[in-house]
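Please look through the sequence and the structure shown below before reading on. The report then takes up one topic at a time.

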Amino acid sequence: MNTGERPVDLRSDTVTQPTAGMRQAMMAAPLGDDVLGDDPTVIALQERMAAHLGKEAACYVPSGTMANQLAIRALCGAGDEIIAHADSHIIHYETGAPAALSGCMVRAVCGPKGQFRGADVLSAIRPDNIHAPASRLLSVENTQNRGGGSVWPMELLRDVTSAARSAGLLCHLDGARLWNASIASGVPMREYAAIFDTVSCCFSKGLGAPVGSIIAGDKATIRKVVRYRKMFGGAMRQSGVLAAACAYAMQNHVERLRDDHAHARRLADAIRECPGLSLSPEQRESGVETNIVYFDLNDGIGMDGQGMCAALEAQGVRMLPTAARRVRAVTHLDVDSAGIDRAIRAIRSVVRA
Ligand SMILES: *Cc1c(COP(=O)(O)O)cnc(C)c1O
């Protein structure tokens, strides 16, 4: 039992606390009323992110879910269909919002690591007749969360988006962890963004800001997004106090994502050596590409994912059971190298017990 020491919290990269420097930036930010359009800190963040992503405009929103759902609302109509991977966030973790808020269906396609090919898109596109929903939007996640934080190869992204465009579909990039993808691959964010109509990015994941996401696209689309943001209840007032944290994170917390990725690899190496545990098949094969590690509990270990996480919790280490026999660990800026050592010791002791 750890007494007094702060837990090593690997449940998600969303658990980070704002740093002292970030809090100072928040305190110092000039503020206005963003619903009236005059919060200078929000305006600056939006302009900076639009430029960073090579898009005409951007809109600051409370969450990544809202960013994705605003893109869907702005680009699709009722009865339209969205093509996305079966493991995508918009299917699993957004409460059915495409159906509830935009009247859209989602057609799931499959493939390893949360990825698929242009041929899969082509075979998912509906025929143009009165029986079928209208295929309207391709939505791609990079990095792919449930696929193990996997990074889409640029040529595969070109393959799926050009397949979509050949049939007149629009393309949305769920880039909640696009910074992680960019740091891991060396591909600039704007190169990813260039082949999509809309891009969403979260400041509250690896970047360590307390609140906020951005949605970027052309001016006409972002005008619609701003209108629907109001409709969805996501227009905020002195939100510059939050946007300041995001701007600070862009300045100070991007390059350090390399550390998170190295920590995740080191954790995965230790798990690989642990009897009774196996990295997820995909990560066993391709390695850990960014900051997310998934591992499975083998038969005979006498514990399920929940039991494992409860035992780890008692040792001051938090992870998330994501299926009966699967556990997720995510590295981030509040877990240092010593924290990874502690997590490895806890895993070893729980497995031995
Ligand atoms: C976290 C996440 C989001 C958005 O989540 P919020 O909690 O609503 O900010 C969207 N897509 C992916 C892939 C994510 O991991």
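## A cavity and its lining

A cavity is a set of grid points where a 1.4 Å probe fits but cannot get out, and its lining residues are those with an atom within 4 Å of a point. This is a predicted model, and in it the count comes to one cavity of 30 Å³ or more. The largest cavity holds about 30 Å³ of space.

Its lining consists of Ala84, Ser88, His89, Ile90, Ser139, Val140, Glu141 and Asp174. Helix H4 (89-92) and strand E5 (134-141) each supply at least two residues of this lining, and the largest share, three residues, comes from E5.

Strands of a sheet pair through backbone hydrogen bonds, and the pairing may be either parallel or antiparallel. Strand E5 belongs to an open sheet of seven strands, which follow one another in the order E2-E8-E7-E6-E5-E3-E4 with mixed pairing. The edges of this sheet are taken by E2 and strand E4 (105-109), and each has a single partner strand, so one side of each is left without a neighbour in the sheet. On average, and with direction ignored, neighbouring strands of the sheet are turned by 20° against each other.

Within the sheet, strand E3 (residues 80-85) and E5 run parallel and are joined by five bridges; the bridge partner of Glu81 is Ser135 in E5. Helix H7 (residues 154-166) packs on the sheet, where the helix touches E5 and E6, and the direction of H7 makes about 165° with that of E5.

## The sheet of four strands

A further open sheet is formed by four strands in the order E9-E10-E13-E12, and here the pairing is antiparallel. Strand E9 (277-279) and strand E12 (320-323) are its edge strands, each pairing on one side only. Neighbouring strands of this sheet are turned by 35° against each other on average, again with direction ignored.

Strand E10 (residues 292-297) runs antiparallel to strand E13 (residues 326-330), and five bridges join the two; among the residues involved, Tyr294 has Arg328 in E13 as its bridge partner. Helix H12 (residues 257-272) packs on this sheet, touching E9, E10 and E13, and its direction makes about 15° with that of E10. Strands E12 and E13, which also run antiparallel, are joined by three bridges, and a hairpin leads from E12 to E13 through two residues. Ala323 stands opposite Arg326 in E13.

## A mostly covered helix

How many of the eight residues of helix H8 (residues 178-185) are buried? Six of them are, and the helix is therefore described as mostly covered; the buried residues are Leu178, Trp179, Asn180, Ala181, Ser182 and Ile183.

These buried residues pack against helix H2 (40-52), strand E6 (170-175), helix H9 (189-194), E7, helix H11 (240-252) and H12. Just after H8, Gly186 takes a positive phi of about 80°.

## Aromatic rings that come together

A pair of aromatic rings is described by the distance of the centres and the angle of the planes. A search of the whole structure finds three aromatic pairs. In one of them, the rings of Tyr60 and Phe203 have their centres 6.4 Å apart and their planes at 55°, so the pair is tilted. This pair links distant parts of the chain, since Tyr60 lies in strand E2 (residues 57-61) and Phe203 in the loop between E7 and E8, 143 residues apart. Tyr60 and Phe203 are both buried.

The rings of Trp179 and Phe203 also form a tilted pair, because their centres are 5.4 Å apart and their planes stand at 45°. Trp179 is in helix H8 and Phe203 in the loop between E7 and E8, so this pair too links distant parts of the chain, 24 residues apart. Trp179 counts as buried at 4% relative accessibility, and Phe203 is buried with a relative accessible area of 0%.

## A serine in a loop

Ser204 lies in the loop between strand E7 (198-202) and strand E8 (213-217). Is Ser204 buried or exposed? Its relative accessible area is 16%, and because buried means under 20%, Ser204 counts as buried. Leaving aside its neighbours within four places in sequence, Ser204 is in contact with Asp13, Thr14, Ala209, Pro210, Val211 and Gly212.

Note on methods:
Residues are numbered from 1 along each chain as its sequence is written. This is a predicted model: local features need pLDDT of at least 70, side-chain atom pairs count only at pLDDT 80 or more; totals for chains, interfaces and linings use all residues. Side-chain values use heavy atoms; hydrogens and water are left out. Two strands pair if DSSP finds at least two bridges between them. Axes are lines fitted to C-alpha atoms, for helices over the stretch in contact, and angles run from 0 to 180 degrees between N-to-C directions. Contact means heavy atoms within 4.5 Å. Buried means under 20% relative accessible area, exposed over 50%, partly exposed in between (1.4 Å probe, protein chains only). Rings of Phe, Tyr and Trp (its six-membered ring) pair if their centres lie within 6.5 Å; planes under 30 degrees apart count as stacked, over 60 as edge-to-face and the rest as tilted. On a 1 Å grid over the protein atoms alone, a cavity is a set of points where a 1.4 Å probe fits but cannot get out, and a pocket is an open set with protein on both sides within 12 Å along at least five of seven lines; lining residues have an atom within 4 Å of a point. Grid points are joined across faces, edges and corners, and a volume is the space filled by probe spheres set on the points.
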